[in-house]
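Please have the sequence and the structure in view.

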Amino acid sequence: MSNTSRRDFLKHTSVAAASAGVLASVGSRAFADGDDTIRIGLVGCGGRGTGAAAQALSTTGNVKLVAMGDAFADQLENSLKNIERQTRKVEDAHIAVDDDHKFVGFDAYRKVIASDIDLVILATPPGFRPLHFEHAVANGKHVFMEKPVATDAGGVRQVLEAARVAKEKNLKVGVGLQRHHQPCYLDLVERVKNGEIGDVLAMRVYWNGGGVWEPRRTRDQVASEMEYQMRSWYYYNWLCGDHICEQHIHNLDVGNWILGGYPVKANGMGGRQVRTDKRYGEIYDHHAVEYTFADGRTMISQCRHIRGCWNSVSEHGHGTKGMVHLSSNPRSCKLEYANGDEYQFKGDTKTPYQIEHDDLFAAIREGRSYNEAVNGAMSTMTSILGRMCTYSGKEITMDEALNKGSSIMPSNLADLTFESTPPTVPDENGFYPIPMPGKTEVLDS
């Protein structure tokens, strides 16, 4: 059986008999000529992309990494070394990335996807995610993409459309909202859904901490403004979406999960109190948002990047018969009942970063329907709605945000080079325009 037909076989996960060759059973599927290898490519070779590739290689069955792409050659080479180190003891992990399949530049995603792969991992800065996801689906590839899946409403709409096409093609899509695969969350959310704390009236969700990595280059260490922003992508909205989008999406997603839908409107406030130096680009260092759902229930949200303050990365649901407390630390996950009793999670503590890949690759091998893109897009949109409210100081509906939200992306995204001008540029003193509540417009007229 040719590589091309084997690729098509994996894409559509159908059971077919070859005229010649041995059929090897893998779960409920069969692969012609005994080759059950899933070939993968990585686009975006930062820390999360490196981790995702290592986790994909650590799933059950034969997996081979054959292509990698990044905007920067140094990042690609460091990633490859780290993937090799992290998978050294994984028996069925095969790394075969030759020099001809190391792609560098803004168009690296096209070259990775054009390689002989079955699945692509998309882990660039999230502003590129809609373009890359759309291209992967158009070319018939299964996808694992990191969250968030966009940085503005137009990108969310693009992902929703590509998700529809992926479903039609029976392509499997995983999204890096790993709490949906974490045993403590699965256990407690199911108990909440079964009514153990009564009707959930409200949610409180937090990502309050000291912040992330410092900007990685000074201006005299780079060749252009585009490279300057790309190297420190977290601090520029078109690339990152602000930390309410890039980080706090996890907590907002859990709130949506428990409340059983997505908010219909929001209002909020935020600003840039401590992280004011020009090297911190244009993002805020704190946001507080009140989300309202169709039935009138609320989700209160905080995220902060300021050292020396109260820290919490957690979600809390208030019910008529008790409360649920959730955290990425399984031993902090519990139910508190109104009668004074408690249920403390004591189950499996396996990392959900691995489980999410285990589940995706099992779905590919077994031919099961698997598409997390719509929830990934709408939880991304929940975080974008919150940012739009904090930047503008206005109450905004989800319908307004999704359908009239102003674009923050370059119009020529598919044709960018390091000589291109980013959407936001500094003034003569190196400072970027900062959103100002009451003045900043976030909706198209």
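## Basis

The model is predicted. Every value below is computed from it.

## The largest pocket

The largest pocket holds about 940 Å³ of space. Its lining counts 47 residues. Nearest the centre lie G46, G47, R48, A123 and W233.

Several elements build this lining. Helices α2 (47-57), α3 (73-86), α4 (108-113), α5 (129-138) and α8 (225-231) each give at least two residues, and so does strand β4 (63-70). The largest share comes from α3, with 5 residues. By class, the lining of the largest pocket splits into 19 nonpolar, 17 polar and 11 charged residues.

## The second largest pocket

The second largest pocket has a volume of about 350 Å³. It is lined by 20 residues. N237, E282, Y391, S407 and I408 lie nearest its centre.

Two helices, α9 (237-240) and α13 (373-392), each supply at least two residues of this lining. The largest share is that of α13, at 4 residues. The class count for the second largest pocket is 10 nonpolar, 6 polar and 4 charged residues.

## A cis peptide bond

Which residues does a cis peptide bond join? They are K147 and P148. Omega is about -20° there. P148 sits in the loop that runs between β8 (142-145) and α6 (153-168).

N170 has a positive phi, near 60°, although it is not a glycine. This residue lies in the loop between α6 and β9 (173-175). Is N170 buried, partly exposed or exposed? Its relative accessibility is 28%, so N170 counts as partly exposed.

The loop between α9 and α10 (243-246) holds D242. Relative accessibility is 0% for D242, so this residue counts as buried. The cut-off for buried is under 20%.

## Where to look

Methods. Residues numbered from 1 in each chain as written. Predicted model: local features only at pLDDT ≥ 70, side-chain atom pairs only at ≥ 80, totals over all residues. Heavy atoms only, no water. 1 Å grid on protein atoms, 1.4 Å probe; cavity = no way out; pocket = protein on both sides within 12 Å on 5 of 7 lines; lining within 4 Å. Points joined across faces, edges and corners; volume = space filled by probe spheres on them. Nonpolar A, V, L, I, M, F, W, Y, C, P; charged D, E, K, R; others polar. Buried < 20%, exposed > 50% of the residue type's maximum accessible area, 1.4 Å probe, protein only.
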